[in-house]
Amino acid sequence: MRMTYNMYICGIGGQGIIKTSIVIGETALKENMNVVMSEIHGMSQRGGVVSTELKIGEDKSPIIQNGCSDLLLAFEPVEAIRALEKTSKDTSVIVNTSPVLPSTINQQDVNYPNIDDILSELDSKVAEVYSFDANKIALNAGHPLSMNMAMVGASTAISSFPLDKDDVITTMKDNLPPKSIDINLKAFEDGYNCCK
């Protein structure tokens with residue numbers, strides 16, 4: 001039996017990847033689980049490519065070896081493709097289907113890939129793919145910045161996810177501004193329902 005649950009989280013700066021990692025990591029600590037997290041890789045300012053690696057369980061190194069992630073949480077479709085080396089046929093993938101062009105692409109004459117092609121490529125490489133427009137969920141919840149909590153909600157719907165949904169919600173309430181809690185909870189629940 002594997003003693004560690006490995007999550008690779010990727011996207012674009014400004015999408016809330018750091019806050020996502022904090023909520024998940026602090027929930028693991030509250031549940032008396034060991035957790036290690038990598039520093040954020042990439043340009044964390046808005047527009048740069050960002051990734052973080054998080055391990056829950058008996059592991060000392062925060063770096064996930066290629067082919068060893070249990071869950072890929074991709075806030076941006078192309079970033080999911082870039083992260084495929086971290087996945088295997090046993091990996092679950094949750095991907096936001098709303099594209100955000102990284103600043104490096106915006107400065108070039110490059111066409112963004114077709115979303116259906118991206119999802120098909122993901123589907124051919126991993127165990128399961130959950131795809132939905134998390135940006136739309138966030139807007140419907142009341143604020144675009146709640147998109148990351150829609151993605152966290154979706155994570156809690158995956159059967160292998162090791163953390164209790166209610167504990168994650170408690171950690172959200174501890175880490176988010178009080179005035180944003182209702183919006184973020186709605187985004188969380190809608191994300192959960194998309195994957196459930």
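Mentor: Happy to! Let's begin with α6 and α8, whose axes lie 6 Å apart and meet at an angle of about 40°. That angle makes α6 oblique to α8. The crossing of the two helices is right-handed. Do keep in mind as we go that this is a predicted model.

Now zoom in on the residues that touch. From α6 come Asn148, Met149, Ala150, Val152, Gly153, Ala154 and Thr156, and from α8 come Asn184, Ala187, Phe188, Gly191, Tyr192 and Cys195. Sorted by kind, the residues of this contact are eight nonpolar and five polar, with no charged ones.

Next, follow α6 to another neighbour. Helix α5, residues 134-141, packs against helix α6, residues 147-156, at an angle of about 115°, and their axes are 8 Å apart. The crossing of α5 and α6 is right-handed. On the α5 side the contact is made by Ala134, Asn135, Ile137 and Ala138, and on the α6 side by Met147, Ala150 and Met151. These residues divide into six nonpolar and one polar, and again there are no charged ones. If you compare the two lists, you will find Ala150 of α6 in the contact with α8 and in the contact with α5.

So where might you look for charged residues in α8? Helix α8 spans residues 181-195 and holds both lysine 186 and aspartate 190, which sit four residues apart, about one turn of the helix. Their side chains meet in a salt bridge, with 3.0 Å from N to O. Lysine 186 is partly exposed, at 39% relative accessibility, and aspartate 190 is partly exposed too, at 22%.

How many salt bridges are there in total? The count comes to seven. One of them pairs aspartate 174 with lysine 30 at 2.5 Å, N to O. Aspartate 174 belongs to helix α7 (residues 165-175) and lysine 30 to helix α1 (residues 17-30), so this pair ties together parts that are 144 residues apart in sequence. Aspartate 174 is exposed, because its relative accessibility is 52%, while lysine 30 is partly exposed at 40%.

Another salt bridge joins aspartate 59 and lysine 55, with their closest N and O atoms 3.2 Å apart. Is lysine 55 buried or exposed? Lysine 55 counts as buried, at 6% relative accessibility, whereas aspartate 59 is partly exposed at 22%.

Asparagine 6 is buried, with a relative accessibility of 5%.

To finish, let's go back to helix α1 and find leucine 29. Leucine 29 is exposed, with a relative accessible area of 52%. How far is leucine 29 from methionine 147? Their C-alpha atoms are separated by 24 Å, and the two residues are 118 apart along the chain. Methionine 147 is the Met147 of α6 that you met in the contact with α5, which brings us back to the helix where we started.

Terms used: Residues numbered from 1 in each chain as written. Predicted model: local features only at pLDDT ≥ 70, side-chain atom pairs only at ≥ 80, totals over all residues. Heavy atoms only, no water. Axes fitted to C-alpha atoms, helices over the stretch in contact; angles between N-to-C directions. Left-handed = near helix turned anticlockwise from the far one by under 90°. Contact = heavy atoms within 4.5 Å. Nonpolar A, V, L, I, M, F, W, Y, C, P; charged D, E, K, R; others polar. Salt bridge = Lys/Arg side-chain N within 4 Å of Asp/Glu carboxyl O. Buried < 20%, exposed > 50% of the residue type's maximum accessible area, 1.4 Å probe, protein only. Parallel < 35°, antiparallel > 145°, perpendicular 65-115°, else oblique.
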